[in-house]
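Hello,

Please take a look at the model below. My notes follow it.

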Amino acid sequence: MALKIVKGSIDRMFDKNLQDLVRGIRNHKEDEAKYISTCIDEIKQELKQDNIAVKANAVCKLTYLQMLGYDVSWAAFNIVEVMSSSKFTYKRIGYLAASQCFHESTDVIMLTTNQIRKDLSSPNQYDTGVALTGLSCFVTPDLARDLANDIMTLMSHTKPYIRKKAVLIMYKVFLKYPESLRPAFPRLKEKLEDPDPGVQSAAVNVICELARRNPKNYLSLAPLFFKLMTSSTNNWVLIKIIKLFGALTPLEPRLGKKLIEPLTNLIHSTSAMSLLYECVNTVIAVLISLSSGMPNHSASIQLCVQKLRILIEDSDQNLKYLGLLAMSKILKTHPKSVQSHKDLILQCLDDKDESIRLRALDLLYGMVSKKNLMEIVKKLMLHVDKAEGTTYRDELLTKIIDICSQSNYQYITNFEWYISILVELTRLEGTRHGHLIASQMLDVAIRVKAIRAFAVAQMATLLDNAHLLTGNTQRNGICEVLYAAAWICGEFSEHLENPLQTLEAMLRPKVATLPGHIQAVYVQNAAKLFATVLRSQEGNTDSTTAQETSQLMIDRLPLFVQSANLEVQERASCILQLVKYIQKLQQKDVEVAEEVSALFAGELNPVAPKAQKKVPVPEGLDLDAWINEPPSESESEDEKPKAIFTKEEPKHSRPRHTEVDEKELARRREARKQEQANNPFYIKASPSSQKVYQETPGVEHIPVVQIDLSVPLKVPGLPMSDQYVKLEEERRQKERAEKKKKEKKKRKEKRSGRGKKHDSGPESEEDITPAHMVDIVTEEMPENALPSDDDDKDPNDPHKALDIDLDKPLADSEKLPVRSHRPTEAPKSPAEDGDTESAAPQEPKKKSSKEKKEKKKDKDKDRKKSKEEKKKKKHKHEEGGEDLLGGQPDEPVVQSEEPNEEVALPTSTSAEVSDLDFWLSNAPVPSNSQEAATVAAAAPIPQAASGAAPDSEPDEPKDTEVETKSSKHKKKKQKKEKEEKEKKKKKKHHHHHHHSDGGGEESVQNGTVEEEEPLPPMSNYCLLAENSYIKMMMEDADQVCDIQGNLQDGSQVVVSVIFENKCNSFLKSMEFNVLDSLNSKLQRPEGAGPHDGLTVPFQLPPGVSNEARFVFTVQSIVMPQKLKGTLTFIVKNEDSSTHEKLDFKLHFTCTSYLITTPCYSDAFAKLLESGDLKGSSVRLEGVNMPFHHLLARICFHHHFSVVERIDSCASMYSRSIQGHHVCLLVKTADQTVSIDAKCDEPSLLGNVLDEIKQTFSQC
Amino acid sequence: MIKAILIFNNHGKPRLSKFYEHYSEDTEQQIIRETFHLVSKRDENVCNFLEGGMLIGGSDNKLIYRHYATLYFVFCVDSSESELGILDLIQVFVETLDKCFENVCELDLIFHVDKVHNILAEMVMGGMVLETNMNEIITQVDAQNKMEKSEAGIAGAPARAVSAVKNMNLPEMPRNINIGDISIKVPNLPSFK
């Protein structure tokens, strides 16, 4: 026996193994294909041998060949053989091969079921592991159904290695066999709290993947995930959870409110960029889901934008890219906050990385305003010139058009400029977007009446220079614009200066080389021009011009009659005959102009693209009903056509069952579509009915203002958009000057006694008036159009099947099929499986003896039923929610119209829902639900409970009376405090957390649900100064510091100040000034004196807050210091404006000179060992907060980062802007916290420690 | 979800391809070619994300790649994955390869693609991230290799000897094409635990 094995292996060693194969292929570079085919022949021989080792070797080589693109499916059976080897080595080769080339239609897969099951239950964990890995790649619905139960058992395996693999593979099983989701879910949920972090991470992974597709089913898990988020330290898990929350918040706004604080804290404390980025992303998602404009969240937005700015400014291109990506999400809801970073984004447009430029382009979309549109577009046009012949240029082109046309051309003040831009764009070679430019030209010319004359002139020039556009056949993308040009010139020919010349241009022989649909438009519009020429010559005694024109038509049109394009041919021959007839009349001196122009009379109205879709179906019309009953098969065929053609057919009717064969129908349909597409009257492909040639009275009523003549109408040659920029500039200046004059006059009248004032505030949006008034005709919509826009989901999405209610209790029928061992029963099981498959998914819990009968019923019926039940259920949930929350309107539950006649639902589910509601609602609400009541009893007194209220109160009318009262009370208190502070001349500038009166208690209230308290909210903004007009909040010394430069004098501190307008008037001309001290100076622009103030770069409408940043230069940072400052501003009412002043004191703590700097533990240890640092320590008594809160506070308020944390001991690190290292060792025991600190600058350390002490003495 | 993991060299030769969705061999080759085309024309100092790998999935998907000396490591992922996280994962993968092959170079991947697959299987399973801890991955890989050795036992000895002889007279097996910067830590991404 042993001899045989040795002999076999000796044979084997002369076979080629994988390495030999690879080597061989590398040595046969010239005839690789031939060499491989001989190898495949060898492999085929090897596979025929009995020796499993030889087979495994062959399969191993096949796997390699598969990677090179060779089909190896013919060896599928041999792969199965190798998989079933008892040796791990071969098994692994077999499974690898299977995972690389098996798929659902591989038929031998069904042979593997038993083998896989055997491997899954193998005592060797690696056999199991390899089987799971392989299965994850080729699982089929059959395998999933047969093995689901085995895998579920493995989820509770003793070895974490198996557990985590089993958990992960369940996702694949769910996808293939959705019925397994409900029975397996409880165990999956259990695994979220598995002691092994790997298993936990796998479970999070699976649930996140599931929830991403059907988020609403997983809302009930939110509290669990919330807990994980606050407790987990694994960044992978955190990222997944945070991403999941991003998907859940749109469904449940209350969740978002709860999330925002812990997320903000994470943003401040984490050093991992990936985590920071995901946090910012989710915060953005939360803010989007919350109704916008909530004042409380402006800080969060600011934080996000600020962090993103740091990312974008980073030298790492990846961070830059992601920063821009996230910025574009903010842009949708909070364009204002992004706009302030316009400089940065414009800068990114010059980046060498195309991905980054594209992202920056996306952002530009939201940056534009009336004021800067021209400037931005000018910049883009420069880029267009530079980016010759790339896809990036096409992208630029579409962006320019997008930007200009957005929200109904809202930002365009001068349409002549826009037309010139469009015309300039036509000079791009080889762009694919000719049709886009064309449709813009059409749209503008049709909808902006005032511009028509100018547009027509430009289009005529275009037509004249058509050879420039069509010179090269490769550039035909752009010739689409001729389509628009021809149509505009024809339709609005009354504005043409010289119609005859244009007509001549349109009938040049070269036109015949254009695509058919453009020629067709040419021909049609030539006829229109012809009509115009005739009319202009009418009454002219000399009729030669008119007759010459007719002759021109007759000479040129035959070219088009010969066109291969049917449309062109048809129109041309029709018009040709018409012109010939007209010529005859002309020779008889008959006046024809009137009649000819009647052919093209009438005004075209723009029609909304969706207009047709929105025409409501008239009552009583069933579009799905047969107009004629389909004939039965037996009926004689000759009778049918009669019945069909005698009746009038309404539009929209379904294609009927007629004699006309399908081909013919398709052809006709195609032809009709073609025709519609080629017909310029079908604007934007919206067919028929709306384009009626009639005098619409509405159009005439709209006053069309005369065009301002200061702008020259005629631009020689092709227009240059640049000159408009200049003109616009001048115009605006003129306007501004006039305005100033007026204002000055006013002011003089009002208070002549006051001193000089500067009026240099930036021009606001409202100040800009369009160059000439344009009435943008809105698109027509049918009367009583339906408002709904339904976007259907992809019906083929495999995740649709996983949209399963997971809160319902399991029914017996849903248990996963367990294969029995007795062969006699085996035949039965597939049938049973089939049954469960059809009946299982959403079978309600209530089951009686009818159950079995029901099972056999039609699948469809069952589904419908379960849907109904679901609906009812939801209805129920909603009711439950109402009970708890007192009928809130924002409860995101689908309204069900079904009457609620069902019996009471299983209590467990409603309890779960109420749990979630309870967890989400910010305060306990008196309720008749027993459960909630008990929890409420456990919760602290209302005073404490209302803690969270100030945060949510303004926009939540739902909160109960008790709560609002108490929160009002709180508010009053707050106000008093503020007043007191003011009286004390704002001596206190320490960290006054404007949230802090909430957080701590909130977590207590949540304590019923969670074991570990979430972090209380924190904010670094403290009140700087306040009066009846304005409130200033300051974030002391942001972390943006310039330390790159000279460490001695290059130290800067950036102070962010939020200005909030509290009064009802407009605040403008704000000026921020600080009295410099020896040590710290406010950085002023060059040329400004040491006592000049800085203008705050924005104005504040009532109720709005905005943030400005000021840079200070600091010399010594070892001591805290105070700076006196003043803010002056003008309060502007409708009729008057007053000058106001507010004093404040800036307090620079030593903490504010620290920058959060991550530090690795080894570097930290080295630092401590170096002996350069001097120590100091402090003890804090009576600190009554969890250790992680404590750490978070230190991190947040004092800019430290945690290096390492072991139980109740942590090392922390931070660095000053001048490069001092500060190391802390924080220990806690029985409410006593001891902090040992080391720093190379003792006085700085002493001050920092004092400040830490102060922070904790305040809370 | 990770849709596919591809490794190819500077000339587009595939060194490993793992698709978590089924495609025909031809499509797979096409995807590799196109991905190479997209990735290879990018400069060294541009960002590591690419949109528009239209062949796999569509708009939801991104290509995230890293370039080490002669090799490109490309992950095609959908929006549920964190971009920076995947970049880290690639780094973990390469570092693991470096440990397992002792100073990995392209030749290791060429001749031992099966081993690379086995290592990858301990990190990513069916398109989902299984393990990110390098030590854990190496432990499991080593344990399996040990098992393989014990199974080969005496019988495997002659084959190993022959293989060693075959490798001996191969001048084409230089080990100096080292992946130079492979052990360099990623600057901005503190690695995951």
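Predicted model: local features only at pLDDT ≥ 70, side-chain atom pairs only at ≥ 80, totals over all residues.

Residues are numbered from 1 along each chain as its sequence is written, chains are lettered from A and ligands numbered from 1 in the order written, and side-chain values use heavy atoms, with hydrogens and water left out.

The fold first. Chain B has five helices and seven strands (DSSP runs: H or I, at least four residues; E, at least two; numbered from the N terminus). Their order along the sequence is β-β-α-β-β-β-α-α-α-β-β-α. Of the 193 residues in chain B, 59% are buried (under 20% relative accessible area, 1.4 Å probe, protein chains only).

Now the interface. In chain B, 69 residues are in contact with 73 residues of chain A (heavy atoms within 4.5 Å). The buried area between the two chains is about 6700 Å², with 55% from carbon and sulfur atoms (accessible area lost on being put together, 1.4 Å probe, summed over both parts).

Eight salt bridges link chain B and chain A (a side-chain nitrogen of Lys or Arg within 4 Å of a carboxyl oxygen of Asp or Glu). One of them pairs A:Lys164 with B:Glu131, closest N and O atoms 2.6 Å apart.

Best regards

Technical notes: Buried < 20%, exposed > 50% of the residue type's maximum accessible area, 1.4 Å probe, protein only.
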